[in-house]
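Hello,

Here is the structure I said I would pass on. My notes on its salt bridges and pockets follow below.

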Amino acid sequence: EVVQTIPVGNSPTAVAFGEDAVWVANADDRTVSKLNPTSGHVDETIPVDVPARGLAVGGGALWLSDPVGNAVVRLDPRTNAVTGRVSVGSGATAIAFHAGAVWVANNLDGTVSRIDAERAVVVDTVPVGIAPNGITVAGDAVWVTDEVAGTLIRIDPRSGAATRRPLGGRPKGLVYADGSLWVAMQPGDAGHRGGTLRLLTGELGFDVPDPAPNYE
């Protein structure tokens, strides 16, 4: 049951809780909305100049993934100021914080970057597959989904070793709760049922269905 609907910015892409607030990244507006977790009221709208796709809270900071600038941006929740920017892989998307480290999935180059939160530097880059798009930390491991390969990847934070488990379909977001890992799945290519394309033409007709060669 929906108990409240809260207007935020345009294209909200990520939400996280921490530092006594709910934070929402608004990609098109390049802002972050700070919500009161009790009332749901938007206390502040913070310009960050980042079309963030992922948002995590930890180590006294907000961490925003920037898929266009290939970076992770650090925001101080007390001053609302951007206090750091760390270059990562291409197409930074999902992001997670755990035990002093920020983990970010780089969707376009098939890697995960590990950032030392205190020093704000990348300390490791782990190849994981084709297109990582979801990430969480569960117990003693970092878990990543790969939508294209249809796999779930486990990263050992100590060694950086990655092991893959096929799931089929297209795994997307994931979360760890009460000792279990939950993965959201979309159907794979085999689930596409097909359809019919109908081309309606005028008197001239079309030689081929591509409109580019059919100038007239």
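Arg-78 is exposed, because its relative accessibility is 58% and the cut-off for exposed is over 50%. Its side chain forms a salt bridge with that of Asp-76, at 3.6 Å from N to O. Asp-76 itself is buried, with a relative accessible area of 12%. Please keep in mind that this is a predicted model.

The salt bridges in the model number 9. Another of them joins the side chains of Lys-34 and Glu-44, with an N to O distance of 3.9 Å. Lys-34 sits in strand E3 (residues 31-35) and Glu-44 in strand E4 (residues 42-47), so this pair ties together parts that are 10 residues apart in sequence. Lys-34 is buried, at 18% relative accessible area, while Glu-44 is partly exposed, at 31%.

A further salt bridge is found between the side chains of Glu-147 and Arg-170, at 2.8 Å from N to O. This pair links distant parts of the chain, 23 residues apart: Glu-147 is in the loop between strand E14 (141-146) and strand E15 (151-155), and Arg-170 is in strand E17 (residues 170-177). Glu-147 counts as buried, with 17% relative accessibility, and Arg-170 is partly exposed, with a relative accessible area of 29%. Together with Lys-172, these two residues make up a network of salt bridges.

The largest pocket has a volume of about 400 Å³. It is lined by 21 residues, of which Leu-55, Ile-95, Ala-96, Ile-135 and Leu-174 are the closest to its centre. At least two lining residues come from each of strand E1 (12-18), strand E5 (54-58), strand E9 (92-98), strand E13 (132-138) and E17. E1 gives the most, with 5 residues. By type, the lining of this pocket consists of 15 nonpolar, 5 polar and 1 charged residues.

The second largest pocket holds about 220 Å³ of space. Glu-147 and Lys-172, both in the salt-bridge network, are among the residues that line this second pocket. The rest of its lining includes Arg-53, Thr-93, Asn-107, Asn-133 and Val-148. E9, E13 and E17 each supply at least two of the lining residues. Here the division is 3 nonpolar, 5 polar and 3 charged.

Regards

Methods:
Residues are numbered from 1 along each chain as its sequence is written. This is a predicted model: local features need pLDDT of at least 70, side-chain atom pairs count only at pLDDT 80 or more; totals for chains, interfaces and linings use all residues. Side-chain values use heavy atoms; hydrogens and water are left out. A salt bridge is a side-chain nitrogen of Lys or Arg within 4 Å of a carboxyl oxygen of Asp or Glu. Helices (H or I, at least four residues) and strands (E, at least two) are DSSP runs, numbered from the N terminus. Buried means under 20% relative accessible area, exposed over 50%, partly exposed in between (1.4 Å probe, protein chains only). On a 1 Å grid over the protein atoms alone, a cavity is a set of points where a 1.4 Å probe fits but cannot get out, and a pocket is an open set with protein on both sides within 12 Å along at least five of seven lines; lining residues have an atom within 4 Å of a point. Grid points are joined across faces, edges and corners, and a volume is the space filled by probe spheres set on the points. Ala, Val, Leu, Ile, Met, Phe, Trp, Tyr, Cys and Pro count as nonpolar, Asp, Glu, Lys and Arg as charged, and the others, Gly among them, as polar.
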